[in-house]
Amino acid sequence: MGKIVSFSNQKGGVGKTTSCVNIAAQIANKGKKVLMIDMDPQGNATSGIGLSKSKIKKTIYEVIIGKCDVKDAVIKTKFKNLSVIPATIDLAGAEIELHDLQEAGEIEIDFIKEAIKSISSEFDYVFIDCPPSLGMLTVKALSVSDGVVIPMQCEFYSLEGMSQLFNTIKIIHQRFNPELRIVGILLTMYNGRLTLTNQVVSELKKYYADKLFKVPISRTVRISEAPGYGEPICYHDPYGKGSLEYAAVAKELMMRI
Ligand SMILES: Nc1ncnc2c1ncn2[C@@H]1O[C@H](COP(=O)(O)OP(=O)(O)OP(=O)(O)O)[C@@H](O)[C@H]1O
Ligand SMILES: [Mg+2]
């Protein structure tokens with residue numbers, strides 16, 4: 001069984017997708033078999049890996065509503081050892097449809113959980129890119145995960161959201177998934193010259209010192225432009241700062257889980 005790791009934070013635009021794509025590609029490039037599941041209707045991880053959403057037929061949405069076998073939704077990317085189950089905007093309706101199908105008794109409650117568990121046996125790692133909410137898609141992802149990585153920016157409001165996120169993780173751990181644990185908090189778009197950044201980091205260290213990944217991810221132009229080329233940073237700018245930092249985080253992640 002491969003390890004299943006979700007990238008989650010209900011706050012938007014904190015670097016969940018960027019971290020999921022780049023860590024997945026980095027670990028795959030180093031020789032592990034990796035599956036990335038796009039669990040966000042925005043489909044950013046799908047386009048970030050170079051897939052054209054208009055050409056995709058089978059997505060995680062079809063898997064969730066039971067219209068497609070999970071194996072048939074897996075697409076091999078052009079990057080070494082990296083496969084993906086894509087998402088498109090169709091996924092936005094899944095929450096309501098799943099509820100209706102469950103009411104009508106047409107679908108098992110844990111259908112998506114079983115699908116992800118079964119496909120994980122074919123990979124070393126499965127990384128799930130979660131949407132910016134704590135709704136059904138995130139709950140499903142966390143319910144099937146061995147671990148969660150929490151990307152966050154060093155801003156005041158980031159700290160406010162943390163306790164809510166930790167509470168949700170605790171509830172899922174208690175009710176649905178005793179395996180779930182926090183792999184780490186990853187600081188993204190980091191700029192150590194800012195006073196606020198240092199204040200937030202020292203706050204975080206007070207409460208979550210053991211959870212912080214040792215290397216933060218700096219804010220760089222190369223990281224932000226890479227998805228426009230449909231390339232993870234380890235291919236787009238292999239020797240750049242962003243690539244080296246993501247490589248260090250990927251290494252630490254593999255030691256942690
Ligand atoms: N280290 C970085 N340096 C520069 N830009 C970055 C970095 N990390 C992420 N970004 C940019 O910040 C924006 C938000 O990142 P990303 O889409 O990964 O966040 P997200 O948490 O997945 O967002 P959402 O909540 O909408 O899913 C993107 O435009 C991305 O390119
Ligand atoms: Mg995202």
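Let me start with a definition: a residue is buried under 20% relative accessible area, exposed over 50%, and partly exposed in between. Glu-122, at a relative accessible area of 35%, is therefore partly exposed. Keep in mind that this is a predicted model.

Glu-122 brings me to the salt bridges. The count for the structure is seven. In one of them, Lys-71 pairs with Glu-122, with 3.6 Å between the closest N and O atoms. Lys-71 sits in the loop between helix 3 (60–64) and strand 3 (75–76), while Glu-122 sits in the loop between helix 5 (111–120) and strand 5, so this bridge ties together parts that are 51 residues apart in sequence.

Next, a bridge within a helix. Arg-222 and Glu-225 meet at 2.6 Å, N to O. Both belong to helix 9 (residues 221–225) and are three residues apart, about one turn of the helix. Arg-222 has a relative accessible area of 37%, so it is partly exposed. Glu-225 is also partly exposed, because its value is 24%.

Then there is Lys-211 with Asp-210, where the closest N and O atoms are 4.0 Å apart. How exposed are the two partners, Lys-211 and Asp-210? Lys-211 comes out at 23%, which means partly exposed. Asp-210 comes out at 59%, which means exposed. I will also mention a network of salt bridges that links Lys-214, Glu-252 and Arg-256.

Now the aromatics. The whole structure contains six aromatic pairs. One of them is Phe-7 with Phe-127, edge-to-face, with the centres 5.9 Å apart and 70° between the planes. This pair links distant parts of the chain, since Phe-7 is in strand 1 (residues 3–7) and Phe-127 in strand 5 (residues 125–129), 120 residues apart. Both Phe-7 and Phe-127 are buried. Tyr-125 joins these two in a cluster linked by ring pairs.

Asp-40 lies in the loop between strand 2 (34–38) and helix 2 (44–48). Is Asp-40 buried or exposed? Its relative accessibility is 4%, so Asp-40 counts as buried.

Conventions: Residues are numbered from 1 along each chain as its sequence is written. Chains are lettered from A and ligands numbered from 1 in the order in which they are written. This is a predicted model: local features need pLDDT of at least 70, side-chain atom pairs count only at pLDDT 80 or more; totals for chains, interfaces and linings use all residues. Side-chain values use heavy atoms; hydrogens and water are left out. Rings of Phe, Tyr and Trp (its six-membered ring) pair if their centres lie within 6.5 Å; planes under 30 degrees apart count as stacked, over 60 as edge-to-face and the rest as tilted. Helices (H or I, at least four residues) and strands (E, at least two) are DSSP runs, numbered from the N terminus. Buried means under 20% relative accessible area, exposed over 50%, partly exposed in between (1.4 Å probe, protein chains only). A salt bridge is a side-chain nitrogen of Lys or Arg within 4 Å of a carboxyl oxygen of Asp or Glu.
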